[in-house]
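Hi,

Here is the structure I promised to pass on. Have a look at it first, and my notes follow below.

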Amino acid sequence: MKIRYYIFILFGLLMANSCDLTEEPYGFYSEDNFYKSEADAESAVSYAYDALTYLEYSRGVFMLGDMPTDEVGPKTDEGADAQALNNWTVDNFSNNRSLYNYFKYAYIAINRTNGILEAIPASDIPTDAQKRYLGEAYFLRAWNYFNLVRNFGLVPVHKELVAELGQTAAPMAQDLDELYDLIIGDCRRAIELLEVLPALGRADEVSAQALAAKAYIYMASSKASSVPLYTDLALDAATLYDSAAYFSGQVLNDQATYGFDPDLMHIYDVESPRGPEHIFLMSMDRTGAIEGDYSKISKLFIPYISGGDIYIDNGDGTYDKSHDGWSVFQTKETFYNTYDGADARGQVLLVDAVYDENGVESAAFPGAIPYRFCRKYVDPQFIADKTSTRPFLIRYTDIALTYAEAVGPTAEAYDLVNYVRNRAGLGDLPAGLSVVDFRDRIIEERSWELAFEGNRLYDLRRINKVTEMVDEAAGITDEEAAFYPIPQLEIDLNQGL
């Protein structure tokens with residue numbers, strides 16, 4: 001029986017649970033005319049990666065991961081969805097378009113990977129190429145399910161291609177173990193199939209090891225912190241921490257391609273996307289024809305100042321040129337005040353003054369600059385409002401801190417954390433910390449190191465401190481803090497729910 005593989009699929013059809021019941025699929029390739037060559041497989045895998053760059057999905061990294069935290073807040077006239085996320089207006093979450101779009105595009109990406117996993121093993125594509133493409137597909141499916149589970153908790157499980165409307169109803173996962181078994185299983189398959197082969201916007205063996213480490217540390221700390229649903233995980237916290245240490249240890253010890261970048265500023269050099277820190281990075285370039293191919297992420301973090309070019313001091317007598325922006329993600333001054341005065345991550349990577357082309361100060365905070373803004377997303381070679389700025393999805397430092405958190409206050413863990421601190425201009429952590437205190441200090445270190453990279457909410461969720469650390473979340477329940485509700489539209493459409 002012939003199986004249809006959809007490559008050009010209508011906007012909502014490729015989701016496990018989201019489809020427009022009035023639409024019909026079109027533009028399919030059958031087994032007779034697709035997956036006949038390596039080029040066909042490359043196109044399908046590129047199409048799966050392309051789902052990550054959908055505007056609503058790529059911006060969701062920050063909208064969901066940073067906006068509802070102690071790091072940033074929206075400008076006063078930002079849309080109602082952003083205001084609801086920032087203010088933890090949970091009564092509005094089930095109809096929040098930002099949450100709906102993020103949920104929807106995650107399943108679009110999953111369905112594209114399911115098509116690859118079904119089709120490529122039956123093709124005549126050379127074995128080595130098959131392994132690479134299957135490995136990347138397994139990674140991408142795990143990546144998207146991990147994003148779903150840490151945002152929404154229990155979600156529908158779909159492991160087969162949705163090729164017609166009758167297949168869109170998917171049952172809810174029975175428990176978190178089912179979802180994490182899928183995520184870890186896909187990571188293990190990806191590790192077996194892939195090699196260490198860095199490529200911009202693509203995953204390799206180290207990416208899969210890193211993702212497994214992130215999944216295990218999320219489970220371990222969530223169970224140890226009594227986060228709702230995670231208390232029911234089959235494995236105990238100690239075993240989960242051991243597994244997080246194992247996979248993050250592979251990243252640290254079993255390869256020599258990725259590592260710490262000794263230059264903090266170089267990590268965020270838009271012209272160096274293949275630097276040693278970048279394990280998994282979105283692929284966006286200013287020469288792209290449509291948004292998603294190019295990026296406007298810089299506009300979200302940079303304030304509107306005068307509508308013209310601005311220049312940012314690099315601290316060495318040079319300046320980076322930039323456009324000004326839309327003032328969407330505004331750094332909270334209370335978060336800035338948590339940085340040590342010697343910490344370059346606060347004093348250099350957060351900007352409080354801009355200059356003209358002659359190096360003369362033209363605006364400053366407080367004043368014409370309404371908030372200290374993050375300079376991690378600046379492209380001096382921007383073309384109008386098109387940039388090559390990209391979300392930093394997995395960095396080596398993230399995984400190094402994951403390893404340190406997992407193993408606790410050993411000499412090796414201290415060395416890793418102290419390297420990160422020393423690179424930022426700080427001294428070493430105090431010696432002799434207890435396991436609990438050491439892990440608390442790592443969460444704190446992550447807040448400074450990974451700020452504005454879409455990690456903060458998930459760190460607060462997994463240690464069960466959203467309501468303690470985010471003023472706007474005070475008074476909501478632990479369940480409301482731990483998970484966003486599945487969008488109501490998805491529930492209405494999915495008969496399996």
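Let me start with aspartate 232, which counts as exposed at 60% relative accessibility (exposed means over 50% relative accessible area, buried under 20%, and partly exposed in between, with a 1.4 Å probe and protein chains only). This is a predicted model, where local features need pLDDT of at least 70 and side-chain atom pairs count only at pLDDT 80 or more, while totals for chains, interfaces and linings use all residues. Residues are numbered from 1 along each chain as its sequence is written, and side-chain values use heavy atoms, leaving out hydrogens and water.

Aspartate 232 sits in the loop between α7 (205-224) and α8 (237-253); helices here are DSSP runs of H or I with at least four residues, strands are runs of E with at least two, and both are numbered from the N terminus.

- Tryptophan 88 has a phi of about 55°. Its place is the loop between α3 (80-87) and α4 (97-119), and tryptophan 88 is buried, at 4% relative accessibility.
- Phenylalanine 452 has a phi near 65°. The loop between α15 (435-449) and α16 (456-462) holds phenylalanine 452, which is buried with a relative accessible area of 2%.

Then there is a cis peptide bond between phenylalanine 365 and proline 366, with omega about -10°. Proline 366 belongs to the loop between β10 (361-364) and β11 (373-374).

Best wishes
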